[in-house]
Amino acid sequence: MFIETLAKLLHDIPHLNFHFKTVDKSFDLDFEGPYVQSIFIFCALSLLLALLLLLIIIVTWICQCCRRKTNNVRSRRRVRNLSTVLFILSLICFILLGVGLFGNDHINKGVNSAIASLDDVNRNVKLAISQCDNLNSTQYSAVQHVDELVKLVDRKTKEIPDINQTAYKEVDTALTAVSDKVEEIKTQLEKIGKILVDVKFLDKAEVYGDRIEFERWILGATLLSIMFAVLFAGIIAFCRQSRKGAIVFSGLGLAIFILAWIIFSVVFPLSIAHADFCVSGNKFLSSKLNKEIIESLHFYKTCEYHPTHDNVPPNIPLAKLSTHLTSIQEAETHLENLLNSFFNQSVEIQNATRLIDGDVSQAFKNIGALESTLSCYAIREDVVSMHEGFCTAGILGAIILSLSLLLMGIVLFVLLVVVSKSWDLFIRLPSDYVEVGEDDPFYPRAQDSAIPADIYGTHVFNPRTRFTNSMDRTEPSTGTTTASGLPNGQHPSTPLLDTAWQRNNASAPNASVPGSISANHNPNSVLRTSAYATEDPYRYRGFQEQFDV
């Protein structure tokens with residue numbers, strides 16, 4: 001009932017032709033008719049809405065490109081929030097794409113189920129046509145046997161010199177009745193044949209429907225998968241906060257935005273046409289099928305199972321044909337009794353009547369098989385499945401696919417408008433996204449007292465401890481220089497290494513190194529070889545090699 005209500009809502013949407021006048025909402029495939037014009041109007045309105053949204057996106061992007069950029073001051077929180085918003089919008093598009101794929105698959109399963117049921121109905125109809133052909137063959141054989149019996153009776157009558165005219169008239173009347181009833185069977189069989197042969201449209205609908213649905217499903221799944229891949233690449237770019245990725249996604253996202261609206265402009269009008277066919281498709285079917293077939297299909301939708309074989313549509317005259325065969329059998333039995341009495345149990349007459357009796361028995365078998373093929377329990381499930389697959393599952397899938405494409409088109413519009421903000425915010429700077437007053441990520445301000453003074457390396461002190469409370473804190477000296485002054489009141493112009501070398505020379509005044517300049521030779525010399533004995537021998541090796549004589 002819920003699906004029927006949705007189909008009725010789609011059917012109740014006003015249909016307008018190219019002159020914007022209301023037209024009949026009954027389904028029709030006349031491409032020059034007003035109904036097809038109304039379907040094209042729905043397609044044009046969808047494309048017009050897409051064009052309006054596309055224009056807004058382009059104007060927004062142009063304004064974003066022309067806007068004055070301020071890249072020197074940016075907030076990490078703002079970039080993170082923008083990345084989160086883009087991720088959420090892309091995730092919503094992912095969900096809608098999944099719903100669209102579900103709707104596309106739902107349509108495919110429903111239509112395939114309807115086509116499979118239609119195939120079973122066509123198979124039963126073809127079997128019924130074959131059984132009708134067998135019944136026609138039996139009827140033709142019975143006509144020939146009746147003609148042979150008539151000729152035999154005429155010949156036998158001429159051989160009798162004194163004929164009982166009363167008995168002869170009874171035989172002639174019975175024989176004429178059997179011949180007429182056999183001829184009437186042919187007329188009724190022709191009527192049944194015309195009804196069954198007219199279902200060739202259903203056979204064509206099965207072939208073309210299967211082909212069209214397969215191509216539609218493949219095309220829909222492929223296009224939605226392409227959109228899925230583009231959105232996946234966009235999510236990666238947003239998570240990495242990549243400017244190049246955001247720009248590339250902007251171009252590809254605009255392409256899938258246009259693609260989504262094009263698909264919607266095709267799916268939505270076809271969904272309306274689908275609903276129109278299921279609600280008011282009798283007018284179209286009456287132009288392709290005869291009235292008896294349409295009434296038979298309605299009979300199979302509502303019939304109840306019965307164990308008898310005569311539970312067939314009333315507009316197919318199988319019950320009348322079966323009754324007629326019963327009357328033929330009774331007339332044939334009466335004729336056989338008259339002939340046996342009139343011709344004194346003639347063997348030739350008995351053989352001829354036996355052939356007619358065999359034809360009648362074979363006709364009963366063919367009628368029983370035909371009734372079994374066209375009975376309610378043989379076709380009802382297929383007709384119900386055909387209706388539910390096409391007009392229930394198919395419409396539900398079409399509505400789901402249309403809504404998902406519409407919502408995804410709107411979300412993609414918002415996403416493409418918002419993504420233009422990332423063109424400026426996702427630019428990498430030397431001091432990227434650092435706010436004034438933010439804590440060190442490794443050593444927050446609450447742990448200042450726990451940070452060693454030389455945590456940043458030898459001779460490089462923690463800036464927080466170096467410039468905080470300078471009156472209360474003193475920096476350790478390395479023995480080479482100090483922040484407050486020089487040791488022993490040495491003049492700043494004195495070389496920095498003299499202090500250490502003089503200290504070492506004081507401990508060893510007569511020390512010297514063979515082959516080198518004496519320490520006492522020049523008191524102002526920058527090379528003091530006597531210091532090598534007590535300090536690291538490799539510390540001033542470069543200087544020694546430079547000044548070694």
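Which side chains meet in a salt bridge at 3.1 Å, N to O? The side chains of Lys8 and Asp12 do.

The model is predicted: local features need pLDDT of at least 70, side-chain atom pairs count only at pLDDT 80 or more, and totals for chains, interfaces and linings use all residues. Residues are numbered from 1 along each chain as its sequence is written, and side-chain values use heavy atoms, with hydrogens and water left out.

**View A. Salt bridge between Lys8 and Asp12.** A salt bridge here is a side-chain nitrogen of Lys or Arg within 4 Å of a carboxyl oxygen of Asp or Glu. Eleven salt bridges are present in the structure. Both partners in this view are partly exposed (buried is under 20% relative accessible area, exposed over 50%, partly exposed in between; 1.4 Å probe, protein chains only): Lys8 has a relative accessible area of 40% and Asp12 one of 36%.

**View B. Salt bridge between Asp119 and Arg123 in helix H3.** The N to O distance between these side chains is 2.5 Å. Helix H3 covers residues 76-159, and Asp119 and Arg123 lie four residues apart in it, separated by about one helical turn. Helices (H or I, at least four residues) are DSSP runs, numbered from the N terminus. Asp119 is partly exposed at 24% relative accessible area, and Arg123 is partly exposed at 46%.

**View C. Salt bridge between Asp203 and Lys126.** The two side chains meet at 3.7 Å, N to O. This pair links distant parts of the chain, with Asp203 in helix H5 (residues 200-240) and Lys126 in helix H3, 77 residues apart. Asp203 is partly exposed, its relative accessible area being 26%. Elsewhere, salt bridges that share partners join Lys8, Asp12 and Lys25 into one network.

**View D. Negative surface patch.** Asp147, Glu148, Asp180, Glu183 and Glu184 form the patch. H3 and helix H4 (165-197) are the elements that give two or more residues to the negative patch. H4 supplies the largest share, three residues. Patches are made of residues with over 30% relative accessible area and no salt bridge, like charges being joined within 9 Å. Asp and Glu count as negative, and the place of a charge is taken as CG of Asp or CD of Glu. Glu184, found in helix H4, is partly exposed with a relative accessible area of 41%.

Note on methods
Patches are made of residues with over 30% relative accessible area and no salt bridge: like charges are joined within 9 Å, nonpolar side chains (Val, Leu, Ile, Met, Phe, Trp, Tyr) within 5 Å. Accessible areas come from the Shrake-Rupley method with a 1.4 Å probe; for residues, only the protein chains shown count as cover.
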